[in-house]
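Hi,

Here is the structure I promised to send over. Have a look at it first, and then read on for what I found.

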Amino acid sequence: MSDTSHVFDDSDDVSAATRDISEVPAVEVITTTAVHLMSAAAVKCGLADDPDAQTDLDEARKLIDALAGLVTASAAHLGDQHARSLRDGLRSLQLAFREASPIPDELGKGPGEKYTGPVN
């Protein structure tokens, strides 16, 4: 006879995940999401170990736009310390994108600048 006491059905897994996420403060979810977007954008801007193989400015633009929207929309809810750190990281990525781009965007037209204003 096999021991099935350790086996859970899918509804148990969903319930456990739901309970876990329900305990996470919104600020933590937002900042964690922002950090993931930042990390992915940094790689796509060529700031990783293998820039020749990993740089993809089209993908970086999408990630930076998403990050800028998230940071701008949530800044009032994050508190100054969190919001400032995220804005600084976002600005660094916008500048890295501008530097990596062979054809610079017009000022105010770079990734995320419709949310943040011009970055130079």
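Let me begin with the buried residues of helix 2, which are I30, T31, A34, L37, M38, A41 and A42. Here, buried means under 20% relative accessible area, with exposed over 50% and partly exposed in between (1.4 Å probe, protein chains only). These residues lie on the same side of helix 2, because they cover an arc of only 135 degrees around the axis, the arc being that of the directions from the helix axis to the C-beta atoms. Helices are DSSP runs (H or I, at least four residues), numbered from the N terminus.

A word on the source: this is a predicted model, where local features need pLDDT of at least 70, side-chain atom pairs count only at pLDDT 80 or more, and totals for chains, interfaces and linings use all residues. Residues are numbered from 1 along each chain as its sequence is written, and side-chain values use heavy atoms, with hydrogens and water left out.

Helix 4 and helix 5 are among the elements that cover the buried residues of helix 2. T31 counts as buried because its relative accessibility is 15%. Leaving out residues up to four places away in sequence, T31 touches L78, H82 and L86, where contact means heavy atoms within 4.5 Å. L90, with neighbours within four places set aside, is in contact with M38, I64, L67, A68, V71 and T116.

Finally, just after helix 2, G46 has a positive phi of about 90 degrees.

Best wishes

Methods:
Helix = DSSP H or I, 4+ residues; strand = E, 2+ residues; numbered from the N terminus.
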